[in-house]
There are 2 protein chains.
Amino acid sequence: MKIGLLGHGVVGGGVRAIIDEGATWEVRELEIAKILVKDESEMVDPRTTLHAEDILNDPSIEVVAECMGGLEPAHTLLKKALQKGKHVVTSNKKMLATYCEDLFETARENGVTVHYEASCGGGIPWMASLDRTRRVDDIDSFRGIFNGTTNYILSRMYSEGTDFEEMLKEAQELGYAERDPSDDIDGHDVRYKVSLSCVKAFDTLQNIQDIVTYGIRNIRKEDLDWAKANGYACKLIGTGAYRGDFISACVIPMFLKKDDVFANIPLNFNAIESRSKTLGPATFVGQGAGSLPTAHAVVQNLIDIWKNQDPEINDKSIRPIDNTLHTGVFYIRTKKIALFADIMDRRISEDAFLTRKISLVQADMAVKSAVDDTLFIAEVAE
Amino acid sequence: MKIGLLGHGVVGGGVRAIIDEGATWEVRELEIAKILVKDESEMVDPRTTLHAEDILNDPSIEVVAECMGGLEPAHTLLKKALQKGKHVVTSNKKMLATYCEDLFETARENGVTVHYEASCGGGIPWMASLDRTRRVDDIDSFRGIFNGTTNYILSRMYSEGTDFEEMLKEAQELGYAERDPSDDIDGHDVRYKVSLSCVKAFDTLQNIQDIVTYGIRNIRKEDLDWAKANGYACKLIGTGAYRGDFISACVIPMFLKKDDVFANIPLNFNAIESRSKTLGPATFVGQGAGSLPTAHAVVQNLIDIWKNQDPEINDKSIRPIDNTLHTGVFYIRTKKIALFADIMDRRISEDAFLTRKISLVQADMAVKSAVDDTLFIAEVAE
């Protein structure tokens, strides 16, 4: 099966290497026919080209694998590939979560499929496991530590009592965090992954703006001190759940009980869990990034297409997210504590309190209307 | 696809319930045609029978699913089913590990397959993940907390400083441990699972007696005190590895570093991890037992057969296990400490010491020749 590869960086280079090496008979059925690169300095392989048309207009290429990153030109190139009747595999979570309605619709119209195992959790076989579980069960809910950078920061802050800025700096020095860390620490990266997990788990598309998202930018040592003193660990969690006819989905720091498997996921590891009626909780743990694990996930999707196995059903529709049925107790620290009297249950300190059991929508509205850019919110596990 | 179900207890009843309910279109392709039960009191369903021949001689039944437990008559019935050209699914780890050469050979001769997802880790999709990973990578090694009972006992002893007998009694009262706990605490249950994991990971059969096996029967509070004081947790670990042309495989308590994911698997949870070249470590965590999760795994195998997907390759051969390449440092507590001068590196207390870095074979020979039925051995993670 001939493949056109878009991008030859960390992930794309790994895909090319795994397929060229051909360690198994399944991988030897795959062939990288052409590779789109950015400039002449990358033209180290006779298959490289600077012109996407060389791939899009080649009828012998059945599948396009995109590992470029960024919104454009990735989105436009994949749309054109789908229109030309080519299947698509992507590791680009931000692009796919942003343009999911457009790309799934185009795939459906052209009788081809979009695969995105590598978009969540690196090599963790999360999407494949959801597909497999759904052969027997509906998925009731999922939750995940989807971001290794923030887990590294939270784990180290928790175990060593250090402060946020110090750990962020260290994560940047280790190469875990980008120089502009906003995608990680403000929760955007997790939001994309939650959105794509909802697509796979529930067959629904959503506007990513509807996924309530809080990150860890404002967390302080004092927040973790309270958590620890009360028997909790702190993790940044992305969740989705099917509640009645509605999907709830959010990204929020959570204070988790210490005997929760998720409370004990160390350093930069990821963990993702689905829950369903007969299987119950099923949890997957791994390093959520890295060239070869992510490339492995892309190659697995290519084999899925070659085997025509569990083809992605493209008949999905946008469904609004409703977080009113997501209820819980929230820890909030804010310099405007007087504004929160309505939802307050118990004051913890001069500027922190626990809410009554309220919906995430109520909590979110109260926080948004307070307009406090130092505010930290976490959900407290029951 | 018509299925003959052998056994209608905890797991068999779950399989029948999931298939009768038919929650997905895949499950609705399956049909329980007949159910073998033990006596008339179990004949509550028109499909039940007391005669295995009703299933074995029914040519419309393509698959036999065995959930009886025990060595016989399970082994003989499955062998007959294979000889009649029926595929086989089993949740019976002890029987399959004991008769693997006979049953895989019979399957190969008759052009049918043996499936055993439910034999390890309850609902954890361990075998399916090995199959999927092997499409791209060879498996280098695996390790697992394969037994929930012993993990419960070790976790509670560790966190509360209690002694073994007390925790075993509690596990028995909670229904986690059998009245005769030998299969769990002496490591036999893990040994069966290691053997079957080797079949799936490495395509090799082994004599289970060759898998060096130590349990936790002799562990004492003082052993865990030393582990804790030196930064380790203790878990009962089953491992298998491909080393050159040889397979090493063993079951042994391990002192694991605290930031190891496995060190933090709480209570009665199971965890299993594979390592391979491009995927790296991939870890699965779940409750390793229970009626519905185990039944879910059986139903998944039935769907695999119906889809003729990743058929189990039966061309496997017995390969001797060689643990000489498995080297490590071992913690040994024994009342015959004078006998161990050859392998001792550092004395810890009057009756406990750490070995030099030696092979598991050396450690095992020294322990066996000392003949001390109070001896406790654990491998210390490097």
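**View 1. Helix α1 (residues 10-21) of chain B lies across β1 (2-6), β2 (31-36) and β4 of chain B, at about 155° to β2(B).** Helices here are DSSP runs of H or I with at least four residues, strands are DSSP runs of E with at least two, and both are numbered from the N terminus. Angles run from 0 to 180 degrees between N-to-C directions, with axes fitted as lines to C-alpha atoms, for helices over the stretch in contact. On the sheet we also find α3(B), which touches β1, β4 and β5 of chain B and makes about 160° with the direction of β4(B). Contact between two residues means that their C-beta atoms, placed from the backbone, lie within 7 Å. This is a predicted model, where local features need pLDDT of at least 70, side-chain atom pairs count only at pLDDT 80 or more, and totals for chains, interfaces and linings use all residues. Residues are numbered from 1 along each chain as its sequence is written, while chains are lettered from A and ligands numbered from 1 in the order in which they are written.

**View 2. The open sheet of chain B has six strands in the order β3-β2-β1-β4-β5-β6, with parallel pairing.** Strands count as paired if DSSP finds at least two bridges between them. At the edges stand β3 (48-49) and β6 (114-115) of chain B; each has a single partner strand, so one side of each is left without a neighbour in the sheet. Further in, β4(B) and strand β5 (residues 87-90) of chain B run parallel, joined by four bridges. Look for V63(B), which stands opposite H87(B) in β5(B).

**View 3. Each chain has a cis peptide bond from E72 to P73, with omega near 5° in chain A and near 5° in chain B.** In chain A, P73(A) sits in the loop between β4 (63-66) and α3 (74-83). In chain B, the loop that holds P73(B) runs between β4 (61-66) and α3 (74-83).

**View 4. L267(A) has a positive phi of about 45°, although it is not a glycine.** The loop between β11 (246-257) and β12 (269-276) of chain A is where L267(A) lies.

**View 5. D203(B), a residue other than glycine, has a positive phi near 60°.** D203(B) belongs to the loop between α10 (188-202) and β8 (204-205) of chain B. It counts as partly exposed, with 15 C-beta neighbours inside 10 Å.

**View 6. Here 42 residues of chain A meet 42 residues of chain B in contact.** Elements of chain A that each supply at least two residues to this side are α6 (126-133), β13 (280-287) and α12 (291-307). The largest share, eight residues, comes from β13(A). One pair to pick out is A282(A) with its bridge partner G286(B).

Technical notes:
A residue is buried if 20 or more other C-beta atoms lie within 10 Å of its own, exposed if 12 or fewer, and partly exposed in between; C-beta atoms are placed from the backbone.
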